[in-house]
Amino acid sequence: MIFSESDTIYYALTIPLLGALGIALAGRWPNIRETVTLTTAVAVAIVVWSLIPTLQAGGRPELHFGEMLPGLEIAFKVEPLGMLFGALASGLWIVNSVYSIGYMRGNNEKNQTRFYICFAIAISAAIGVAFSANLLTLFIFYEVLTISTYPLVAHKGDEATVRSARVYMGILLGTSIGLFLPAMIWTYSVAGTLSFTPGGILEGKIAEPLVGILLLLFAFGIGKAALMPIHRWLPAAMVAPTPVSALLHAVAVVKAGVFTITKVFVYIFGIDFLFNQPSHRIIVWVACFTIVVSSFIALRQTNLKRLLAYSTIGQLSYVVLAASILKPLSEVGASMHMMAHAFGKITLFFAAGAIYVASKKTEITDMLGIGRRMPWTMAAFSIGALSMIGVPPTGGFISKWYILGGAIQDDNYLALATLVASTLLNAAYFLPFIFAAFLYKEDVKPVNEHGEAPWPMVAALTFTALLTFAFFIFHQPIADLEAQILVK
Amino acid sequence: MAVLGLYNYFVFAVLLMIGLYCLLARTNIIKSIIGLSMFQSAVFLLYISMDKVDGGTAPIIQEGVENQIFANPLPQVLILTAIVVGISTTALALAVAVRIREAYGTIEEDKIQEMDRKQ
Amino acid sequence: MTLYDQLPALVVAVLLFTAPIAYMLRMHGFPWAAATAAVVTSFIVACSLAATAIGGETIIYEMGGWPAPYGIVLHIDALSALMAMLITGASSAALIFGAKSLADEVGEETAPAFFAAWLLCTAGLVGMVITGDAFNIFVFMEISSLSTYVLISAGPDRRALISTYRYIVMGTVGATFYLIGVGFLYMVTGTLNTADLGARVGQVEDIRLVLVAAGFVSVGLAVKAAVFPLHSWMPNAYTFAPNAVTVFIAAASTKVSLYVLIRVDYAIFQNSIANHEVQLTLFLVPLGVMALFAGSLLAIYEKNLKRLLAYSSVSQIGYIALGIAMTSVAGLTGAIVHMFNHGLIKGGMFMAVACLALRYRTVNVANLAGAGKAMPWTMAAFVMGGLGLIGVPLTPGFISKWYLVLAALEKGWLGALLVAVILISSLLAVIYVWKVIEVAYFREPRANAVPVTEEAPMVMLIPTWIVVLTGIWFALDTSVSVGLASIAAKTLLGVAL
Amino acid sequence: MMTIVFSLFLLTMLVIVAVAILRTENLFTAVMLSGIFSLIMAANFFVLDAADVALTEAVIGAGISTVLFLGALALTAEYDRSPPVGTWVPLLTSSALGGVIIFATFQAPRLGDPSAIVHQHVAPWYLEKTPELIDVPNVVTAVLASFRGYDTLGEVFVVFTACIGVMALLGRVRPRRDSIKEGEFKKATDNLRHHLIPRVVGKMLVPFIVLFGLYVQFHGDFGPGGGFQAGALVAAGVILYSLVEGGVRGRELVPEWFSSVLVALGAFTYTSVGVASMLMGGRFLDYSVLAHDPVHGQHLGILVIEAGVGMTVAGVMITIFHAFSRRGIR
């Protein structure tokens, strides 16, 4: 290590911001601008990953910025869950940047500089969320993430896009200020602190039925987790360019949501305390409801990206469900699923974007036989879909395994039944499309003859598809690391 | 007698009412300003009524005269200030009224409001 | 007597001393320069007073060397110091910012009168917050009001005149109500010194006059503070005043009336009238809640950007009223810190609006299409302010909201209701802020519109961004703002520091 | 007893005049009545032993204020054309206001009650200590100029503000968009020169008024009077001269630059005394340090600040009057 660990945290947060500045300055020269983006992404990834060995050894690096309010400071502390999220976000940013370059150029998008700047700020915010030492710091970066992704979602700038972006912004900001913020202040006024503490800070400070209310405030206040009925922003955000969708669904935004929920369960409530409160069942029910209903909605979608959006809603609720089962195995499963889903979903979105760039098609019904024109893309798509369903040897299988394990420990038959049903439903909406793409004859002629999308995109999606396999094979160190989160 | 001793306050209240009514009910700006200055004058009466002492004189100490009873000087000082404040406000309001007349051609508020709405 | 001992008097004296000079010496540019120099000096003095006050110390300065309650004393504690800092700071920023735009709007001939009025307005407002005498508050209130009328009437549109007239009427009625209230208080106590009043009102046997006095004072100040539904003078006054004037009065002037309301209520009535906190709550909570909703809704439907922000101020004043009404340390801290923070936020936003007005020659929201691209720095400043109104973290608005919600949560189920009100109104703020942002960033300018390609001049942009960055600073390091506010709240409530 | 009866009579007159003002639609009448209103008010103040206030109210309320109203009337309109609708809200508001006050004042001390609290606290101190600390016979002057000198400073700045406000509003050349046709006001006569009696009487009065003003200025320590009254009286004299001889001659007598310099100079003088006392080691406006002997210092300070007050008030009133009168003929 060249610099101390707290310096590392500092650099992890500031390098993306410096990158944003650099991008702004280099805005006139696209090549330099994109070099800056890529360099920054690689640098951030290196810096963040350099913390992994420390974490594995049981270290918890900290960084204190000073008090914002009396007794409440802006501080960072890296623990396994946050490490996982941070490493994920920074790592996928590299892939996403490569892909973005291909996509944005291939599509001749406007305002590219703004796009890259906001992207870099969003990554910094995601890392901030990941490394926060207390709920207040987390909240700050959570909001920065919302606001910095708004221009990305509204990127196209036409009437329909702006309206959808309004929904995105309205729901995320609305839930966070309307529900998350009071939940946080309530927690503070009850517990007198907001630091993430192993074992939680609320034990003995609050009783039923207030626990239930607080729990609901958190669950729905963290709108990025997209529990029904506040999931609407996610399909609405489908108007964004595909790299942004990948950012939302795989790299940062929704992950920040489920990450925050897990973090609140583990470090604010404490799983032992919460387990003894009957009201945690409400969250299980909401999560199960969301999984099943979103799968049914996904079945009826014809727009590929909307289908993926509803698939994400369901997959996120896996994480919430896993976290709310409140068993050690399931908590590990929650964090594992964040990762597995990230690899799978980013592949799917990359593929969808590649199809759009190459053929300008967005509807599933138009895509019959597209696997013949774009074999790499569709192969990667299939791998991602298998991971969503949870078929070995993909990463989705591993995480589902842990979650099921937790559900069995808890004798939670509702969760078991939901997981099984959802697996079948996932298969029901992904597999027919894949079959059709490879086996059917093309029936809608594309505007112009096309093959694969530009090479950076294909490279990126192939790489992420491989990551899905890699996660299946090399998951053990990660599981070991995440098991630490339950150590008090 | 007790009620007569409170007559000043009643008149104060009545003048305040008339002033406020004139201010609120009239759309003519000059008339409203007259109401406003009456509204302020009423308050002078409240303060000055407080300074009176039975058998007293104005608070000017004369040498060689012992055991004089004086009226309370403090309300008088305050009202000297308030009178000047009142005329200042009135003068400024009148200047604004003149400018309004020049800009709109009328000093009836309802008509001005109509003109602004059209704009 | 060292200079340090004289600081309390200096903060006003500098301004009063300079005003006639600025009026008399009619050289080109001199009135502005003199005004700026005086206001900045006063700001520095106010900061050094705040440095003393943050230790929890109260400075008493006997004017003319006469002790209270016979003479007038200046009474400077954390609350006054914070307000003095806000007023002089806002005044300095607006003056420096307005160097160019005021020269544009005011004209050479009226400049001496205008800048003298500016100095007097600042002096009046500062005078109100540092004095410890109820009648002296009235005198300085009148200085500030009269000079504010002058400043507003300098606006270029003829509607500035009628707005000024309405403000004169409402302002005078408000001030006269205050005067009546003070008269009744004098009648039952024989004194005008606030501290002495606080001590003696408690001994009054028949409470009727005191209650009526409290009513008159509160209503009068509520008019001056534009508490809904007594706000009717304010939106047009803000809209038609010269842009730099709007920056100043929006940041400082209504807050000062709220300051007096807090001061008078807590120093005089709270200790002496039984159950006064219930009366205060019954008076202010409904008004505050109405203000929150009505102000936000009016802002949502407003097309003129300046008036939109004025309505937003109506709703923000609702927050302050709610905080005052909670009569708890957290609530008062929230109210006081929000006075300060909202001053920063609104000041910055009106500066951004002035930049827009300079280039677009209009402040109709619909005509600002494309501003995000043409004037990126200006719009970025506006967005930062807008996020502050919503209460997003990293903006000062978040800090105030934090304390208000914290205070409301202490109040049980009724408090939960208030939390809901506060947060719903924040969400309404999202709507009216976003309305502007969407137009500025994502709407194409109309075909027949004159294209704007130039960013605002540096002399305006730099002060704007200084204010915005100061706002962010006070969102991150709250030791000064919250520090002073919480000391002030504890002092007012008589809680040990 | 006699005074009380007289006072009752005056108060009743006040109400009657106020109602008359409210009812008349002729603004000229209303203004004249409001002058009478002020005069009655002044008489009432005199009955209530407030000689200083009575003098001020008579000069400012009945005199200058009336002239300003007339000046404004000449520039605006002569009739109140308010529509007679929607009077319920004002009626209810003002009745509620009056009701509250009457309700509250039932508990107030009756007029002249020596045991009232206002006569027990603070005020006795002024009456007792003035001979010793300030040594001027008129306690009102002592309180005004020294004990509450800071208020008076503020007050000077209030009139100063009003003056610069009026100058800012009416001083500059009229903007182009004004809707008034040129020459509309020219037909209004600017002076009384062709009215022999008012002219002669008026001209004869002017020197006396100014002289009386100067007397009031310097005698304010001993009897009723002081800077405010004196300034207003001198201004009234000048205004009377202008009314008689015409605005042009009036502005020749006291040029506008002079009156506005007077305004600023007066305010400046007052503040300077404050600053001087600071420089000499006292509190702001602490006149005791101005001379070796504190009482002497007080005398000196009061003399200077009263002069400042007189200058400002006279200057302001004249400037404002000129601003109104000149507006019409430009």
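In chain A, 53 residues of domain 1 are in contact with 52 residues of domain 2, two residues being in contact if their C-beta atoms, placed from the backbone, lie within 7 Å. The model is predicted: local features need pLDDT of at least 70, side-chain atom pairs count only at pLDDT 80 or more, and totals for chains, interfaces and linings use all residues. Residues are numbered from 1 along each chain as its sequence is written, while chains are lettered from A and ligands numbered from 1 in the order in which they are written.

Domain 1 of chain A spans 1-276 and domain 2 of chain A spans 279-488. These bounds come from an automatic or database domain assignment. The C-alpha centres of the two domains of chain A lie 21 Å apart. Several helices give two or more residues to the side of domain 1 of chain A that touches domain 2 of chain A, including helix 8 (210-221), helix 10 (242-251) and helix 11 (253-269). Helix 4 of chain A provides the largest share of this side, 14 residues. Helices (H or I, at least four residues) and strands (E, at least two) are DSSP runs, numbered from the N terminus. By residue class, this side of domain 1 of chain A holds 38 nonpolar, 12 polar and three charged residues. Ala, Val, Leu, Ile, Met, Phe, Trp, Tyr, Cys and Pro count as nonpolar, Asp, Glu, Lys and Arg as charged, and the others, Gly among them, as polar.

Chain A also meets chain C: 24 residues of chain A are in contact with 23 residues of chain C. Strand 1 (62-69), helix 6 (135-153) and helix 7 (159-191) of chain A each supply at least two residues of the side of chain A that touches chain C. The largest share, 13 residues, comes from helix 7 of chain A. This side of chain A comprises 16 nonpolar, six polar and two charged residues.
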